[in-house]
Amino acid sequence: MTATHDLGTSSLATSDLFRSVFRRHASGVAVITAQGTRPVGFTATSLASVAAEPPLLSFGVGSGSSSWPVLSEAEHVGVHILGEHQRELAATFARSGADRFGPATDWRSGPEGVPVLDGVLAWLVCRVVARIPAGDHRVVIGEVTTGTAAGAGRPLLYHQGRFNALRD
């Protein structure tokens, strides 16, 4: 006996289909920072744990982004987990042409000279160990060297093209 399932209509794999599917996937929101001749940063929803020993993480960055020239050479990066109270900060770091490190952003120079954002749920400084070409992006692998998970609050999520709070 063969079971049949109605999976709806299917589409060939296209960029539009890919984006539509991932709009339905909720993800945590992080800001990645690095220091070059000036600090750079961007909002990332692609942050992933890779390994616990050694502690490795990954994130994607567009190779055409304004942050990529600094990230392509940075030895260390900052990874910041945003709280639900930081929607505006996430939007600032996602907006092209925004003054990301202007007066509205509370930050300081942290370990290895990496810009560290204040008020986040957690932050890490990572040594970049790999940059892997992946389409119009690069996947960056970082080994955690220091950080803290001392921030309080609930995580900020990205879903359906918007920053959202976690609901019980």
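Does Ser65 count as buried, partly exposed or exposed, and at what relative accessibility? Ser65 counts as partly exposed, at 27% relative accessibility. On that scale, buried is under 20% relative accessible area, exposed is over 50%, and partly exposed is in between, with a 1.4 Å probe and protein chains only.

Some ground rules. This is a predicted model, where local features need pLDDT of at least 70, side-chain atom pairs count only at pLDDT 80 or more, and totals for chains, interfaces and linings use all residues. Residues are numbered from 1 along each chain as its sequence is written, and side-chain values use heavy atoms, with hydrogens and water left out.

Back to Ser65. This serine sits in the loop between strand E5 (55-62) and helix H2 (68-71). Helices (H or I, at least four residues) and strands (E, at least two) are DSSP runs, numbered from the N terminus. The Ser65 side chain reaches in two directions. Another is the backbone nitrogen of Trp68, which lies 3.2 Å from a polar atom of the Ser65 side chain. For a distance across the model, take Leu121. Ser65 and Leu121 are 56 residues apart in sequence and 25 Å apart in space, C-alpha to C-alpha.

Next, the domain. An unreviewed UniProt entry carries the annotation "domain: Flavin reductase like" over residues 22-165. Such annotations may be inferred rather than shown by experiment; positions follow the numbering used here, and feature names are shortened. Over residues 22-165 the chain is 50% strand and 10% helix. The end C-alpha atoms of that stretch are 18 Å apart.

Now the aromatics. A search of the whole structure finds five aromatic pairs. Phe18 and Phe22 have ring centres 4.9 Å apart and planes at 40 degrees, so the pair is tilted. The rule: rings of Phe, Tyr and Trp (its six-membered ring) pair if their centres lie within 6.5 Å; planes under 30 degrees apart are stacked, over 60 edge-to-face, the rest tilted. Phe18 and Phe22 are four residues apart in helix H1 (residues 15-23), so about one helical turn separates them. Phe18 is exposed, at 53% relative accessible area. Phe22 is partly exposed, at 46%.

Then Tyr158 and Phe163. Their ring centres are 5.2 Å apart and their planes are at 55 degrees, so this pair is tilted. Tyr158 is partly exposed at 29% relative accessibility, whereas Phe163 counts as buried at 19%.

Last item: Phe93, Phe101 and Trp107 form one aromatic cluster.

Technical notes: Polar contact = N/O pair within 3.5 Å; in protein donor to acceptor, adjacent residues only side chain to side chain.
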